[in-house]
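Subject: Structure handover

Hello,

Here is the structure for your files.

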Amino acid sequence: MTLVRAKKHLGQHFLTDKNIAAKIVDSLKPDGRYQHVLEVGPGMGILSDFLLQKTEYEVSLIDIDEESYQYLQKKYPQLGSRLINADFLEMDFGGIFNGPLAIIGNFPYNISSQILFKVLDNRQQVVEVVGMFQKEVAERCTAKAGSKEYGILSVFLQAYYKVEYLFTVKAGVFNPPPKVLSAVIRLTRNSAEALDCDEKLFWQIVKAGFNQRRKTLRNAISSLINKEQMVGNTTLDLRAERLTVADFVKLTNEVAAGRSASSL
């Protein structure tokens, strides 16, 4: 079959090393938690070859690239409707999959943050993710409070998932080679059905705090708090990067209590 051309506007860098592909697929740990795995951006199927050998789960592939889709139709005729030509970011998981699922992929680097926020939006259904990202993004996902890499994505992902940095991948195993190092991470859904706070307010506080990360929280989230009620709160004298997920949950409850007090 004619090979698929990597397209710059889709951020495609096709993995060529089968040993790494097998290692990525083996990083999935179903443990009976899901029966469906969705591969995003399969390209020419180097991960798919290993995924389709597994018997613990059923595999579906989604690719926005028409050329890849046609190539994979010929390569895997047995997939039928489980080969999807569509935009992953627009996908309705609940309309396609019954029950929990895992997501895997050599993800396009130009939309990696959007992919992760799509996962977060579907966190009640997506119980595991194993993916290749730009190393810088992988480090942001796994960063701990106090580090310069720690940010919005770190907090949101770690609120709902155990996030593990698995291994680094050099540029030479891709066609075309990217200009950056890559890394594989694993997200494993934690036991929290919901955070112990107003989640909408939690998201607002985290975003506002990091959008002005050089400021103390007292200034960065000033539009969200009752200043009179929060005057003695020392957490607000810190910058957002100093707070763990638990700290942000606690602060969210304190902000909510301050708002309630002001309305009495």
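The notes below cover the sheet, the helices packed around it and the cysteines.

This is a predicted model, in which local features need pLDDT of at least 70 and side-chain atom pairs count only at pLDDT 80 or more, while totals for chains, interfaces and linings use all residues. Residues are numbered from 1 along each chain as its sequence is written, and side-chain values use heavy atoms, with hydrogens and water left out.

The sheet

Seven strands make up an open, mixed sheet, ordered β4-β3-β2-β5-β6-β9-β7. Strands are DSSP runs of E with at least two residues, helices are runs of H or I with at least four, and both are numbered from the N terminus. Two strands pair if DSSP finds at least two bridges between them. The edges are β4 (83-84) and β7 (161-169); each has a single partner strand, so one side of each lacks a neighbour in the sheet.

Strands β5 (residues 101-106) and β6 (residues 126-134) run parallel and are joined by six bridges. Ile104 stands opposite Val130 of β6. Helix α5 (residues 112-121) packs on the sheet, in contact (heavy atoms within 4.5 Å) with β5, β6, β7 and β9 (182-189). The direction of α5 makes about 175 degrees with that of β6. Angles run from 0 to 180 degrees between N-to-C directions, and axes are lines fitted to C-alpha atoms, for helices over the stretch in contact. Helix α7 also packs on the sheet, touching β7 and β9, at about 120 degrees to the direction of β7.

In β6, eight of the nine residues are buried (under 20% relative accessible area, with a 1.4 Å probe and protein chains only).

Helices α6 and α7

The axes of α6 (residues 135-142) and α7 (residues 152-160) come within 7 Å and cross at roughly 55 degrees. Arg140, Cys141 and Thr142 of α6 meet Leu153, Ser154, Leu157 and Gln158 of α7.

Cysteines

The structure holds zero disulfides, a disulfide being a pair of cysteine sulfur atoms within 2.5 Å. Cys141 is buried at a relative accessible area of 0%, and Cys197 also counts as buried, at 14%.

Regards

Key:
Buried means under 20% relative accessible area, exposed over 50%, partly exposed in between (1.4 Å probe, protein chains only).
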